[in-house]
Amino acid sequence: MKQSNGLYHVSYQVGEWLLHCLKLQFLWFYWFLRYGIFLGIFPATATIIQAFFDSFQKKGRPAALKSWFRTVVKKNFRRANQLGAMQVGLLLFLWLELRISSTFIQNSLIHFFLLLLFISALLISLYLLPVYLRYDLPLLHYFKQAVILMVISVPQTIAMILGILVTTIILTFLPILLVIGFVPFFLFPNSWFSFQAIQRSESLLIKET
């Protein structure tokens, strides 16, 4: 009897979480399209990460998710778009440099260096919005903090990459989950492991002081 009750409880929690992800995905698409795709993707994404951060801190889900999402996405609009635009610009610049290097310069050492910078910039992207949601910093300091987290949190970074790969595999074999919430599913491992990396860095800082 206890086992059946436990199984029922777990099933109920999983179903509730999937429903929550479905609502988050619907709200993400709504604000993603309302702000015109490029201006909507970063604040809407940051808001889902914020929802996960709140759950990790046992804050509970808001009773009115729609109004909460609207409030947070509007709060995130300016700064999240600034950070997103700067990061996309950096990635495009490095990608173009890679293309130029492979086509015209054809120097293996320069190409390897540019490739390393491009991969580093991609990894920084995993931490940029989580850092923004956690701290109140000057604009460029978010990039500095994201770089620090990437350097000192190698296990969490690897776990994030593996989490994204596992999510991709699961969604490939269970495409029905794409309808339920592929955006929250991909953001969940990023949110969880970036949150762990942030907490770890903060605990290290406390020990040093």
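This is a predicted model: local features need pLDDT of at least 70, side-chain atom pairs count only at pLDDT 80 or more; totals for chains, interfaces and linings use all residues.
Local features required pLDDT of at least 70 and side-chain atom pairs pLDDT 80 or more, whereas totals for chains, interfaces and linings use all residues. Residues are numbered from 1 along each chain as its sequence is written, and side-chain values use heavy atoms, without hydrogens and water.

The protein chain holds seven helices and zero strands. Helices (H or I, at least four residues) and strands (E, at least two) are DSSP runs, numbered from the N terminus. The order of elements is α-α-α-α-α-α-α. Along the principal axes, the C-alpha atoms fill a box of roughly 70 × 45 × 35 Å.

Helix α3 covers residues 65–105. A kink of about 55 degrees is centred on Phe77 in α3. The bend at a residue is the angle between axes fitted to the seven residues ending there and the seven starting there. Gln106 follows α3, with a positive phi near 55 degrees.

Arg34, Lys66, Arg70 and Lys74 form a surface patch of positive charge. Patch residues have over 30% relative accessible area (Shrake-Rupley, 1.4 Å probe, only the protein chains shown counting as cover). They also lack a salt bridge (Lys or Arg side-chain nitrogen within 4 Å of an Asp or Glu carboxyl oxygen). Like charges are joined within 9 Å, and nonpolar side chains (Val, Leu, Ile, Met, Phe, Trp, Tyr) within 5 Å. Lys and Arg count as positive, Asp and Glu as negative; His and the chain ends are not counted. Charges are placed at NZ of Lys, CZ of Arg, CG of Asp or CD of Glu. Helix α3 contributes the most, with three residues. Arg34 lies in α1 (residues 2–34).

A nonpolar surface patch includes Val166, Phe173 and Leu178, and its members together expose about 780 Å². Both α6 (154–173) and α7 (176–208) give two or more residues. Helix α6 gives the most, with four. Leu178 belongs to α7.
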